Structures are given as C-alpha cells and as structure tokens.
Amino acid sequence: MDNLKEKTAKGLFWGGMNNGIQQLLGLVFGIILGRLLAPSDYGMTAMLAVFSVIANELQSSGFKTGLINLKSPTHDDYNAVFWFNILAGAAIYACLWMAAPLIADYYHQPKLIPLSRYVFLGFVFSSFGMAQSAYLTKQMQIKQIAQCGMTATLVSSLVSVTLAALGFGYWALATQYLLYIAVNTLLLWYFSPWRPTLFTFHLSLFAPLKRLFPFSVRIMISAILTQVNTNIMNLLLGRYYGEANTGHYNQAYQWSSKCFLLVGNMLKQVDQTVLVGLHDERERQLAVLRKMVRFTAFISFPLLFGLGLVSHEFIVLAIGEKWAFSASLLPLLCLCGAFMPLSTLLTDSIISQHRSDIYLWNTLALGILQIVLMVSLWREGIYAMVIAYTLLNIGWMFVWHFFVSRLMHYRLLHFLKDILPFALVAATVMAITRWTTELIADGLELTDDTPRQWVLLISRTAIAAMLYYAVMRLSGAVILKECIAFIKKLFLKL
C-alpha cells in the first residue's frame, strides 16, 4: 500500500512538475508570441489542428493506451506497435499531402496548402516515439517523461519566438509545434531503454496487434471523436467567421487549456496505470479513485475560476487590447475547463475497467450532440456557441459518472461530496475577491485603465489564493494536509 501510494504521489509530482513548467513556459512565450503575432496567425494554425490530431490518432490507433492497459506487455507487443505507427504515419501523411488543396478550399484560404503540408509532418515525427512513451508510462518513469516535455517546450518556444520576431507569422507557430514533437521524440529515445528489433521485420511482426486491436480500435475511434469535439469550434469558425475570429477563440481556449491540462495531464500519466494495477482489489481501487477526484477538484476549481476572475486584466495587460474579444470569451471557457480534468479522470476510469466500448459510444453521442448544437447555433454568434459548448460539456461529466458508478460502484452522492465542497468554496472565494477588489480599485480613484487593471490583477490573484488556502486550512481539508506533507517529505530528501 505504501509503495503504491509513494509511486502514485511521485508520479503526480513529476506529472505536475512537467505540466507546470510546460504551462509556465507556455505562459511566458505565449505572452511574447501574442504580442508579436496577429489573431489571424493563430487562426491559420488553429484551422489545421483538427486534421493533425485526427491523423495522429489514426496513426497510433489507440495502441499506446492498449499497451498501458496490458498487465505485462512484452517486447513483441512494443515492437509491433512501433512499426505499425511508422508505417501508418507515412501512409496518412501521403494522403493528407494530397488532401491539402481540399482543406484549403473548405476554409477558402489558399495559403493553407503549403502550411498544412508542413504542419502534418508532426505526426510523422511523433510516430517514432509512441512505443517509447508507452514504455516509460507503463514503468511509471514520469520523471523522465517530464524532462522530455520540459526540454522540448523550452527549445521549441525559443525558436518560435525568434521566427516570430523575424516576421515569419504563422510559420513560427507551425515550427513550434513541429520542433516540440521532434525534440520530445528524440529525448524519449534517450531515456527509454527499450529498442525496436529490426531484423524481425516481417508479417508475423504484427501478430501481437491482434490481441490489442479490439480494445485499441475503440480507443482510436473515441480519441478521434474527442478531437473533433474539441476542435469543432475551430472548424466552424474558420469556415464561417474567418481566421481572425478563429484566432480570438483559439487564443482564449489556449489560455484556459493551459490550466485544465496542467491538472488533467498530471493525472493522466498515472491514473490508468494505478487503477489497472488495482483491478483485483475493488474497494481499494474505488478509494484511490475518490482520492484522485478530490485532488483534481481541489486544484482545478480554484485554478480555472481564478483565471476566469482575472481574464480581462490578464489578457489585455499580457498580450494587448487587440485580444479584448478573446478576454470576453475566456471566463466561459474557464467555467467549462474547471470540469474537464474530472471528465478526463472519469473516462480514464472507464478505460481502466477495459470498457473502451462505453468510452466509444458515449464520446460518439457527445460528438453528435455537440455538432448538432454548434451547427444550429452558428448564426446566433460566437457567444451562443461557446455558452452551449460550456453547458453541454459540464452536463456530460455526469453521463461519464453514471457509467463509472455502474462499473466501480461510485455513487453520485459520494461523487458530489468529493467535488462540491471545493467547487463551492472556490466560487465563493472568487465572488468575495471580485467584490473586495472592486472596492479597492474604486477607493484608489484610478482614472487610467492600465493602473486599475494592474491593481485588479495583482490584488485578485493574491486575495483569492490566500482566501482559498485559509478556508481549506481552517476546514481541515485532508487533501491539503497530504499535499503539504508530501512536499515537505520531498524537500527533506533533497
């Protein structure tokens, strides 16, 4: 028990360190790039995002997740997945190279032809690292994965800023994406001791995929649908509202996603491995899941609600007035984003029970409903679409929970007990902070917008953080005590 607890805690720490530093670097370089580039530059790359991620899922075919969910994957399993990814990546890139003119025609933007052929190289590069990443994840070598991600983020961001400063526009963003994948893949090879076997390259090489296929193909289809769901706004906005409005939405989404991915990816690197390992201990498995849910809610709600609170001040001060429309969309996306890590944890729990079929059909249902809503509302404007997107995704979290309750006996009352205290405290803290800081700013009688925005940004961040910590401390929140104890233990070892 202690060994599993320590491994999980270390995995969460390094997962958090990885995502935290990546998001911090993303914050710094995102501000610089936001000042150097125009909304249309972001819109150009955003319109291609869905094609890249769909191709990436087709290439991996869910086999990485399949490897992670195997009890004891063998060398042949990893080898089959590695070579399949290479061949699939090359084939799909060739198809998308030829489809580039059709993509450009859909968006009425000829410049997308060379850009798409450049961007799509990313999943060719990533195909060389899928098996290596699965191996490190399965071995819970999260520290090594963290080092890969942090280094790749730093290198790719530095190059991107340099290109943006030299006037390369959207090509700077495309290069950042490609260079991140390339550097990360090279480092995965450096840290992973597993190597593919070259001399056994024949048809029987792919035999191990047969036992992975039924599970993995459902993961693949589900992942594709998830990416369509995530990028449906970019698809529709790019066609009907142009690259500038797409860029504004994408900028707002990127800032909210930096926060919810910080939490979600930290958990994703350990949750399935841990839950699969406890498959024969049902009560203990449920206890671990509930603790993960409480930890997620403890971090996610104050982080996303807090960003929503300072959204206008942060966006305008960080990247300029030209992004004011993005700032108006950000609070809605932060509200949606606060629940995203919980949905991710619930879907990973379903997958850990080897029920990829449930994951598939529910993702399909969510996708169909979301597409119908977005298509029916696009004439009503961007705000109506974002509101519908937000409400639907929050509500769908309870659909995911329904199936988790059936599989793992996680009752709705217990789920609400695990998340509502953190959500209510965070919302109350933000409301009090907003009211208090408005009084502070009014009391200082600031007439110039910029000083007022600085006062609001700094005071809201400081007051909200202190209030949330104080309430958690006074209420005796167990998750806070455990986090503090682990951090102290870690520093003592250092």
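Reader: Between which two helices does the loop holding H409 lie?
Author: A word on conventions: this is a predicted model, where local features need pLDDT of at least 70 and side-chain atom pairs count only at pLDDT 80 or more, while totals for chains, interfaces and linings use all residues. Residues are numbered from 1 along each chain as its sequence is written, and side-chain values use heavy atoms, with hydrogens and water left out. Helices (H or I, at least four residues) and strands (E, at least two) are DSSP runs, numbered from the N terminus. The loop with H409 lies between α17 (382–408) and α18 (412–443).

Reader: What is the phi of H409, and is the residue buried or exposed?
Author: Most residues other than glycine have a negative phi. H409 is not a glycine, yet its phi is positive, at about 60°. Its relative accessible area is 62%; the cut-offs are under 20% for buried, over 50% for exposed and partly exposed in between, with a 1.4 Å probe and protein chains only. H409 therefore counts as exposed.

Reader: Where is H108, and what relative accessible area does it have?
Author: H108 sits in the loop between α4 (75–107) and α5 (112–119). Its phi is positive, near 60°, and this residue is not a glycine either. H108 is exposed because its relative accessible area is 55%.

Reader: Which residue just after α8 takes a positive phi?
Author: Helix α8 covers residues 142–165, which is 24 residues. From first C-alpha to last, α8 reaches 34 Å, close to the 34 Å expected at 1.5 Å a residue (1.5 Å times one less than the number of residues). Just after α8, a positive phi of about 95° is taken by G167.

Reader: How many helices and strands does the protein chain have, and what share of its residues is buried?
Author: The protein chain has 20 helices and 0 strands. Among its contacts (heavy atoms within 4.5 Å) with a separation of 6 or more, 84% join residues 24 or more positions apart. Of the 494 residues, the buried share is 55%.

Reader: Which residues does W255 touch, leaving out those up to four places away in sequence?
Author: W255 lies in helix α11 (residues 242–268) and is buried, with a relative accessible area of 4%. With residues up to four places away left out, W255 touches G26, L27, G30, I31, L307, F314, I315, I319 and L330.

Reader: At what angle do helices α14 and α15 cross, and what is the handedness?
Author: Two packed helices are described by the angle between their axes and the distance between the axes. Here the axes of α14 (residues 311–319) and α15 (residues 324–352) come within 8 Å and cross at roughly 145°; axes are lines fitted to C-alpha atoms, for helices over the stretch in contact, and angles run from 0 to 180 degrees between N-to-C directions. A crossing is left-handed if the near helix is turned anticlockwise from the far one by less than a right angle, and right-handed if clockwise. The crossing of α14 and α15 is right-handed.

Reader: Which residues make the contact of α14 with α15?
Author: By class, the residues of this contact divide into 4 nonpolar, 2 polar and no charged. Ala, Val, Leu, Ile, Met, Phe, Trp, Tyr, Cys and Pro count as nonpolar, Asp, Glu, Lys and Arg as charged, and the others, Gly among them, as polar. The contact is made by S311, H312 and I315 of α14 and, from α15, A327, L330 and P331.

Reader: How many charged residues does the contact of α18 with α19 have?
Author: Helix α19 (residues 449–474) packs with α18 at an angle of about 145°, with the axes 8 Å apart. This crossing is right-handed. The contact has 16 nonpolar residues and 4 polar ones, and the charged residues number 5.

Reader: Against which helices do the buried residues of α16 pack?
Author: α16 has 22 residues and reaches 31 Å from its first C-alpha to its last, close to the 32 Å expected. Its buried residues include S356, Y359, T363 and L377. They pack against α10 (209–240), α15 and α17.

Reader: Which backbone oxygen does the side chain of T363 reach?
Author: T363 is placed in helix α16 (residues 356–377) and counts as buried because its relative accessibility is 2%. Leaving aside neighbours within four places in sequence, T363 is in contact with S222, L225, T226, N229 and W400. At 2.6 Å, its side chain reaches the backbone oxygen of Y359.

Technical notes
A polar contact is a pair of N or O atoms within 3.5 Å; within protein, one must be able to donate a hydrogen and the other to accept it, and residues adjacent in sequence count only if both atoms are side-chain atoms.
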